[in-house]
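Dear colleague,

Please look through it first and then read on.

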Number of protein chains: 2
Amino acid sequence: MASSHPEVEPVLIVHGGAGPIVKISQTRVDSKLKGVKDAGKAGYKVLCEGGSALDAVQAAVMVMEENPEFNAGRGSRPTALGDVEMDAMIMDGSSLQVGSVACVKNIHHPIELARMVMDKTDHCMLVGVGANLFARQMGFPLVPTEELVREEHRKDAREHTKYTDAVTELLNPGKDDSHDTVGAVALDAQGNVAFATSTGGIRSQLPGRVGDSPLVGCGGYADNDIGAVTCTGHGESFMKCTIPTRILNKMEQGVSVADATDEALTYMKRRVNGTGGCIVIGRDGQTAVKCTDNRMMPWAIFQGDKVKFGINQGEQFEGTCISQV
Amino acid sequence: MASSHPEVEPVLIVHGGAGPIVKISQTRVDSKLKGVKDAGKAGYKVLCEGGSALDAVQAAVMVMEENPEFNAGRGSRPTALGDVEMDAMIMDGSSLQVGSVACVKNIHHPIELARMVMDKTDHCMLVGVGANLFARQMGFPLVPTEELVREEHRKDAREHTKYTDAVTELLNPGKDDSHDTVGAVALDAQGNVAFATSTGGIRSQLPGRVGDSPLVGCGGYADNDIGAVTCTGHGESFMKCTIPTRILNKMEQGVSVADATDEALTYMKRRVNGTGGCIVIGRDGQTAVKCTDNRMMPWAIFQGDKVKFGINQGEQFEGTCISQV
């Protein structure tokens with residue numbers, strides 16, 4: 001293949017959002033694990049067929065946006081006004097091109113719109129009414145808000161209207177099994193890295209609130225010279241600490257992917273008491289999946305002929321990709 | 001003073017936006033220099049009276065938002081639809097608290113609203129209609145769009161409707177003397193750093209376009225452990241390279257403020273062909289004011305009893321603060 005990079009082994013990681021550690025039924029656990037494996041499969045298929053990291057992460061995230069199990073697309077949370085406002089971002093580590101949308105309403109696939117911001121405009125980010133205007137120009141069908149929120153989340157929002165309660169629940173072990181934000185990172189055979197992320201927000205957030213997900217360097221970053229990161233958790237904490245650029249900077253200085261990720265999450269906990277998780281790929285194919293110690297997060301790594309996956313702290317299952325892809 | 005930091009000498013830097021190098025009349029030069037000195041004076045007064053870096057940068061930026069010479073507040077540029085959408089951000093280097101607004105309309109002082117997002121909500125960023133809803137709740141008077149755009153910029157926007165032309169003009173020497181984004185960084189006597197930035201966008205941008213200014217790590221960053229940075233120029237380039245965190249990371253590794261800033265701007269030029277400028281303060285009071293080599297930028301540094309200022313590359317004037325503050 002005509003490329004300055006020697007051919008490398010493709011890798012793809014997906015996560016389905018970090019949330020509080022709660023006792024959920026085996027049915028829900030299985031549903032979440034199936035969800036991340038389905039998404040990973042779609043992305044890894046792109047890589048195995050010689051496709052780009054960029055197309056792979058988009059494919060993976062689109063599958064999760066379709067799955068109401070996850071807080072993105074069809075599983076979004078209503079704002080304090082009962083509306084649904086979604087954010088998404090995608091980044092190409094070869095060109096550093098970024099596409100991002102925030103506070104967009106009534107579409108199924110915010111990540112697809114973010115990709116179009118990257119490909120079809122001179123901008124990196126469109127928000128609010130302007131983002132919806134662009135979606136209309138790009139031919140996105142209007143989707144009723146009802147299709148983007150599960151009835152249980154709407155009921156939940158009616159009963160709990162205070163955002164601070166939602167954050168407290170999100171940050172502490174409790175009844176709520178709400179998981180926040182989905183994401184994927186990938187390394188393709190040509191040595192390109194990319195990430196994609198999509199979110200349906202935090203319950204009862206103020207209208208117009210934007211968290212880390214659509215913000216470059218906060219919700220994720222990708223650079224072929226180093227690697228790719230994407231995050232999930234308490235968005236404001238990731239913003240204050242710009243965790244993805246922090247992780248990649250440590251990696252650039254020679255710290256391992258795992259140590260750089262641990263260091264950044266420890267730093268975030270110490271400095272702003274933040275919680276959440278990250279998935280990281282180095283340009284050499286090293287991977288890390290990490291959460292702060294009070295989080296659980298469904299994840300899956302596709303590499304070679306293996307898929308590894310898990311949801312609880314320290315847990316890891318393994319299967320073969322032959323059955324997965 | 002009860003503080004863990006030994007008392008340090010306060011510093012404040014302001015800039016009035018990087019723009020293409022053009023021949024402008026001495027009257028315009030004087031007006032821009034007077035504008036940054038007036039803004040710096042307001043911020044430095046806060047520092048000299050024992051106020052915080054956070055209050056100082058806000059005071060400086062508010063003065064520039066009032067001055068139609070600058071592209072922020074009353075000097076904003078219309079979008080492709082003739083509307084005015086403004087962005088602003090402020091950050092406190094002691095707590096890493098961030099307040100940001102994007103795509104907000106019909107208010108005089110976006111930086112004041114950004115500060116309220118920081119002080120009065122659990123969020124870091126509000127955008128679009130949600131940001132305006134919050135402004136209304138906070139008692140901001142509604143300002144007609146006409147008060148936020150100079151007639152010459154409205155005429156210019158009617159004659160030149162293509163955003164790509166606006167960017168080309170912005171990035172290359174030409175007739176247009178449009179300068180982009182205002183900002184300030186400060187170090188107070190207690191060793192706290194902060195930055196603030198505010199912008200009225202780029203002419204003919206798509207509705208909903210958000211550049212680097214309101215994005216933490218892209219338009220600026222402040223951390224008491226290292227220093228504070230804010231940027232101006234082609235927003236998309238600053239976003240792709242997350243320049244402020246890049247500069248602060250180099251400084252954390254022991255690189256001087258000047259060298260870290262030069263390195264980041266050179267990197268941005270090489271990697272994404274980006275242009276613009278930065279103002280930087282280290283926790284020890286070192287300062288840097290830098291532009292890529294095809295830019296001019298009005299700036300002023302207030303430190304001790306001196307004010308230094310300039311607008312053209314390599315140029316520096318000096319006065320005494322006694323006459324300035």
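How many aromatic pairs does the structure hold over all chains? There are four of them, where rings of Phe, Tyr and Trp (its six-membered ring) pair if their centres lie within 6.5 Å, and planes under 30 degrees apart count as stacked, over 60 as edge-to-face and the rest as tilted. One of them joins A:Tyr44 and A:Phe302 in a tilted arrangement, 5.5 Å centre to centre and with 40 degrees between the planes. This pair links distant parts of the chain, 258 residues apart, since A:Tyr44 belongs to helix H1 of chain A and A:Phe302 to strand E13 (residues 299-303) of chain A; helices (H or I, at least four residues) and strands (E, at least two) are DSSP runs, numbered from the N terminus. A:Tyr44 has a relative accessible area of 3% and is buried, and A:Phe302, at 0%, counts as buried too, where buried means under 20% relative accessible area, exposed over 50% and partly exposed in between (1.4 Å probe, protein chains only).

Another tilted pair is formed by B:Phe309 and B:Phe317, 5.6 Å centre to centre and with 35 degrees between the planes. Here B:Phe309 is buried at 11% relative accessibility, whereas B:Phe317 is partly exposed at 36%.

Before going further, please note that this is a predicted model, in which local features need pLDDT of at least 70 and side-chain atom pairs count only at pLDDT 80 or more, while totals for chains, interfaces and linings use all residues. Residues are numbered from 1 along each chain as its sequence is written, chains are lettered from A and ligands numbered from 1 in the order in which they are written, and side-chain values use heavy atoms, with hydrogens and water left out.

Helix H1 of chain A covers residues 26-48, and its end C-alpha atoms are 31 Å apart, which agrees with the 33 Å that its 23 residues should span at 1.5 Å a residue (the expected span is 1.5 Å times one less than the number of residues). Its buried residues include A:Val29, A:Leu33, A:Val36 and A:Lys37. A:Lys37 also lies over the face of A:Phe309, at 3.9 Å from the ring centre, a charge being over a ring if NZ of Lys or CZ of Arg is within 6 Å of the ring centre and within 35 degrees of the ring normal.

Finally, an unreviewed UniProt entry lists A:Thr181 for "active site", in the numbering used here and with shortened feature names, and such annotations may be inferred rather than shown by experiment. A:Thr181 counts as buried at 1% relative accessibility.
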